[in-house]
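Visitor: Could you take me on a close look at one part of this molecule, the aromatic ring pairs, and show me the setting they sit in?

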Amino acid sequence: MVSQWLAVGLALLAALCLAVGTQKQGSAVADRAHGRLRFRALPVLLRSPRWLLGLALLGLGTVLNIAALGLATVTVVQPIGVVALVITALLHARHRKLRLNRRTWTSIVLCTVGGAVFVTSAVVATDPAQRISQWAERTVVVMLVVLVCVLTVAAVLFRRGLTSTFYVVGAGMLYGFVAVLVRLVLTRIQGSPGGPLDDVSWVAVTAAAAAAVLGGWFVQNAFAGGPPDLVIAGLTVLDPMVGVLLGLLVLGEAGPGFSVLSGVLMTAAGAIAIVGVAVLSQHHPEVLARRAALAGRDGAAPGHPPAAHDRAAHDRPGSHA
């Protein structure tokens with residue numbers, strides 16, 4: 001149990017790095033791309049100190065998260081990332097000089113409370129000592145390969161019509177699988193009777209690396225189409241849900257403490273967090289501002305653009321908070 005709570009501490013530090021890194025990268029991408037990120041924008045981002053700082057923080061957060069996964073189950077570690085939502089929302093509001101409206105705060109509270117209840121229930125209901133079978137590992141790898149192929153084809157064929165929601169959902173699912181495979185690889189390394197890499201499945205490592213790269217590209221595209229706190233809200237809800245489902249249904253991480261009551265409680269907590277993301281996606285100040293700007297543009301007569309003071313009102317951060 002001590003190792004589980006140590007993992008929770010490491011995961012909290014990882015969430016802090018994730019929050020700051022997300023805000024830095026999200027603002028850098030939003031300043032250079034509007035709606036959709038193009039490959040030719042990558043060299044510009046690679047020269048941006050803000051984007052590189054975000055990348056470094058995300059890398060540190062990933063290392064801390066991997067350390068946490070070495071001490072506790074996916075079911076315990078992954079939901080803690082929801083803490084990053086609160087930090088990202090506050091940082092982004094300060095950066096853009098936004099006033100967060102009541103419904104935005106309500107959605108943040110729903111996501112945070114749902115995540116906190118989920119974590120507490122997961123610590124009691126899971127057993128990190130459960131042995132993971134090779135069948136479970138192969139099943140996860142096959143599922144991930146299919147997911148990567150489907151998302152890649154969809155991104156290529158329908159790239160002009162895809163919204164940030166697609167990219168957020170896709171990235172959340174991919175990162176959930178990556179967390180599970182990281183946990184599997186660490187388990188093989190820790191339990192190897194010979195060399196530390198003797199029992200590692202390199203197919204699993206390759207699949208996880210491919211999913212991480214694709215998920216990273218999806219996140220950058222999501223930044224181009226929505227505020228970073230909305231992106232992180234979707235990720236911190238979808239990522240742990242995928243990880244939890246795989247952990248409980250495929251990896252067999254359910255421990256003696258898992259019961260019908262704990263399952264119902266975790267389900268209710270997850271539902272609350274999903275409602276929070278849905279509310280945030282509709283009532284975030286930037287979402288309202290973009291919606292109003294589009295409505296004003298569509299309502300303007302051809303050849304008669306909106307007045308200068310209307311444009312200023314639309315462009316002013318927080319004007320629709």
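Guide: The accessible surface of the protein comes to about 15,400 Å², and 70% of that belongs to carbon and sulfur atoms; these areas come from the Shrake-Rupley method with a 1.4 Å probe, and for residues only the protein chains shown count as cover. This is a predicted model, where local features need pLDDT of at least 70 and side-chain atom pairs count only at pLDDT 80 or more, while totals for chains, interfaces and linings use all residues. Residues are numbered from 1 along each chain as its sequence is written, and side-chain values use heavy atoms, with hydrogens and water left out.

The protein has 13 helices and 0 strands, taken as DSSP runs numbered from the N terminus (helices are H or I, at least four residues; strands are E, at least two). Of the 321 residues, 47% are buried, where buried means under 20% relative accessible area, exposed over 50%, and partly exposed in between. Among contacts between residues at least 6 apart in sequence, 84% join residues at least 24 apart, a contact being heavy atoms within 4.5 Å.

On to the rings. A pair of aromatic rings is described by the distance of the centres and the angle of the planes. Rings of Phe, Tyr and Trp (its six-membered ring) pair if their centres lie within 6.5 Å; planes under 30 degrees apart count as stacked, over 60 as edge-to-face and the rest as tilted. By this rule the count comes to 3 aromatic pairs. One of them joins Phe166 and Phe218, a tilted pair with 5.5 Å centre to centre and 50° between the planes. This pair links distant parts of the chain, with Phe166 in helix 8 (residues 164-191) and Phe218 in helix 9 (residues 202-225), 52 residues apart. Phe166 counts as partly exposed because its relative accessibility is 22%, whereas Phe218 is buried at 0%.

Phe218 also pairs with Tyr167, this time edge-to-face, at 5.3 Å centre to centre and 85° between the planes. Tyr167 lies in helix 8 and Phe218 in helix 9, so the pair ties together parts that are 51 residues apart in sequence. Tyr167 is buried, with a relative accessible area of 5%.

For one more helix, turn to helix 10 (residues 228-249): 18 of its 22 residues are buried, so helix 10 is largely enclosed by the rest of the structure.

Note on methods
Buried < 20%, exposed > 50% of the residue type's maximum accessible area, 1.4 Å probe, protein only.
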